[in-house]
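This report describes the pockets of one protein model. The sequence and structure come below.

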Amino acid sequence: MTSSATREPVVLDATEVTADPDLGAQFAESAHRILADLVRGGAALGWVEPPSPDEVAELLDHVVSAAHAGDAALRAAYVDRRLVGLGYWLRYARPTHRPHADLEKIAVDAAAHGRGVGRALTAALIADARRAGIEVLTLDARGDNSNALHLYRSLGFSEYGRLPDFVAVGARRYDKVFHMLDFRQEG
């Protein structure tokens with residue numbers, strides 16, 4: 001077993017990633033590798049085909065800009081300075097929904113599955129949402145993504161709806177499951 005297989009991930013925010021010249025320069029390329037590999041393997045990340053490097057770079061630029069403006073949070077997990085996972089939430093753009101945000105992606109390198117990276121990323125993003133004054137953090141997941149759904153429930157999310165056979169991947173159909181974490185309910 002290599003040392004990286006036994007190390008705990010270090011979870012950084014957008015400012016920490018972009019402030020480090022080496023991590024910042026490699027972030028989009030490393031994120032693309034993870035996302036494309038996961039989608040190629042059938043992961044439920046919103047793409048049917050792996051995203052292009054430019055598409056991932058554009059997405060990350062948007063999220064980092066939003067994070068700097070207080071309208072998002074981005075977290076990246078590293079083991080030995082190697083990106084092993086990332087996730088983010090974005091504040092809703094509609095003026096009547098601005099107090100709320102949507103957890104849009106949590107992606108963990110397949111080689112790091114089962115090591116708590118997804119839990120660490122999601123917990124950090126939940127803490128970021130609390131600090132940002134988000135009232136309700138929502139997310140949706142594909143109904144067959146049982147590991148993710150279990151993780152979200154274990155971190156306090158509750159299901160508030162389901163659209164049967166809504167997600168189309170070729171001829172296959174999956175439920176779209178909606179979850180929320182209502183910070184207004186906390187003391």
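Which element gives the most to the lining of the largest pocket? With seven residues, β4 does.

## Basis of the report

The model is predicted, so local features need pLDDT of at least 70 and side-chain atom pairs count only at pLDDT 80 or more, while totals for chains, interfaces and linings use all residues. Residues are numbered from 1 along each chain as its sequence is written, and side-chain values use heavy atoms, with hydrogens and water left out.

## Largest pocket

The largest pocket holds about 1100 Å³ of space. A pocket is an open set of points on a 1 Å grid over the protein atoms alone, where a 1.4 Å probe fits, with protein on both sides within 12 Å along at least five of seven lines; lining residues have an atom within 4 Å of a point. Volume is the space filled by probe spheres set on the points, which are joined across faces, edges and corners.

There are 43 lining residues, and A44, L45, I106, N145 and A148 are the closest to the pocket centre. At least two lining residues come from each of α3 (21-40), β4 (101-108), α5 (117-131), β5 (136-142), α6 (146-154), β6 (158-169) and β7 (172-182). Helices (H or I, at least four residues) and strands (E, at least two) are DSSP runs, numbered from the N terminus. By class, this lining has 23 nonpolar, 10 polar and 10 charged residues. Nonpolar covers Ala, Val, Leu, Ile, Met, Phe, Trp, Tyr, Cys and Pro; charged covers Asp, Glu, Lys and Arg; the others, Gly among them, are polar.

## Second largest pocket

The second largest pocket has about 210 Å³ of volume. Among its 14 lining residues, D13, A67, A72, A73 and D128 lie nearest the centre. α2 (14-19), α4 (53-68), β2 (72-79) and α5 each supply at least two residues, and β2 gives the most, with four. The lining divides into seven nonpolar, three polar and four charged residues.
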